[in-house]
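Morning, everyone. I have one model to go through, starting with a single residue and then moving out to the whole chain.

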Amino acid sequence: MSTTLKRSLSARHLTMIALGGSIGTGLFVASGAVLSQAGPAGALAAYALIGLMVYFLMTGLGELAAYEPVSGSFATYGEKYVDEGFGFALGINYWYNWAIAIAVDLVAAQLVMAWWFPQVPGWCWSALFLSVIFAFNWASARTFGEAEFWFAFVKVAAVVVFIIAGTLLLFGIPTEVPGSGLANWTVGDGPFAGGFAAFFAVAMAVGYSFQGTELIGVAAGESKDPQKNLPKAVKQIFRRILLFYILSTIVMSLLIPYTDPRLLKNDLADVAVSPFTLVFENAGLVSAASVMNAVILTTVLSAGNSGMYAATRMLHTLALAGKMPKIFGQTSASGVPRNALVATTLISCLCFLTAFYGDRTVYFWLLNTTGMGGFICWLGMAVSHYRFRRGYVAQGGRLEDLPYRAPFFPVGPAIAFAICAFVAAGQNYEALFDVFTGTAFDGQGLLATYVGLLIFAALWIGYRITHPKVRMVGLREMRFPDIEARKAAESSEAGATKTTV
């Protein structure tokens, strides 16, 4: 049986996969709480800071993926440019976290559907949507890509309509009562509210909003002409994401005072008071809450669809590298690692625990176990990119030969690593502060927040213990096929010249 994936994802698929992966409930629901806690200027600053971090991470990933487009990118890059244990821990962490994240998304879908059908048992919706996501991923990578393209299209369209509707409201269309201009920026303690503590807190939340952009690295292994399409997608993604987040935040901050108590409600059940819903209602959209609920459902299914794809491909890569059972490395005639897909689906069935423990209890329990996954992946990307570039140059590689070169090296990955580490470490900064000051000790809260870091460290250390010969890959030990081919050609030419003479 084959173990080869097929390159069937086009440039539009790549762009929408990464774009759709980062536009989710963090924007549609939680953005109101960000605005409420930090004020309009504080919210904008938080999105800009995390957006800068994501820019440096994505350009670094673009350089790596364009040079070596493989499906299990993070695990492969970590193994080749840091050490085997690091790559193994990154891969297992990414697979597990996405597999659990699918369960989280399926539970979230239960909460969304309960808005329309409160009498239907939640597990029925999970079973239905899991079957749909499974079918999309079972068929082929192209089928997944098409489904994700249209899921993402709905989300992008909702954001664009929101920005247009909000802008019209600012000019008194159709209400004939113009918006309040900059007045909402000066109410209360605006434009910054809550000081540095509030800004720090919302920066933690904003970090989650951008998670999913790294999916483009996973999809690289099945993309057509990756050397051309990946750099193109990377350049477009950052501009569009930042445009959507920044413009959306500006619009909602001008139309809704940050002191509005409704903004503090950021649960999936609070779609009726989402900033998007409030603006659409003011614009005269009938049943705005129902429309936004449908958009949020699409968002949740998109996240689950992408998560299923990412987790399946990572498990497939780990199997090919001999770090998971070989059966997960086998692919179907259409190039889908179906055994890995089935294994990932079984992990995702944790969502059915809601039948015993209640949907909200399971939702938050599962969410806590995956909280650090994205940040760990990002940190690994920054480290891998930094060492890749250093090794490439140390062995005589010419930067102009790279299909795509990330700008601002080495400052870019250094800044990205620092911001990401800062955001990851501060996820439960109140509890950490209490521990350091001797005020209190919330062991359960700290464990729930940072358990992902502990699992990653245990996997890395455990691998090094069980493989005592493994060590960090030296810059001169890294393998670069283009450099080796160029040196071989130069050696052959030199030998031919010597023979002629």
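Leaving aside residues up to four places away in sequence, alanine 65 touches Tyr77, Ala220 and Leu230, where contact means heavy atoms within 4.5 Å. Before going on, the conventions: this is a predicted model, local features need pLDDT of at least 70, side-chain atom pairs count only at pLDDT 80 or more, and totals for chains, interfaces and linings use all residues. Residues are numbered from 1 along each chain as its sequence is written, and side-chain values use heavy atoms, with hydrogens and water left out.

Back to alanine 65, which lies in helix H3, residues 31-67; helices are DSSP runs of H or I, at least four residues, and strands are runs of E, at least two, numbered from the N terminus. Is alanine 65 buried or exposed? Alanine 65 has a relative accessible area of 1%, so it counts as buried, that is, under 20%, with exposed over 50% and partly exposed in between, using a 1.4 Å probe and protein chains only. Its C-alpha atom is 8.9 Å from that of proline 231, 166 residues apart along the chain.

Isoleucine 173 sits in the loop between helix H7 (141-170) and helix H8 (195-209). At 44% relative accessible area, isoleucine 173 is partly exposed.

Now the whole chain. The protein has 20 helices and zero strands, and buried residues are 54% of its 501 residues. Of the contacts with a separation of 6 or more, 82% are between residues 24 or more positions apart. The C-alpha trace spans about 90 × 50 × 45 Å along its principal axes.
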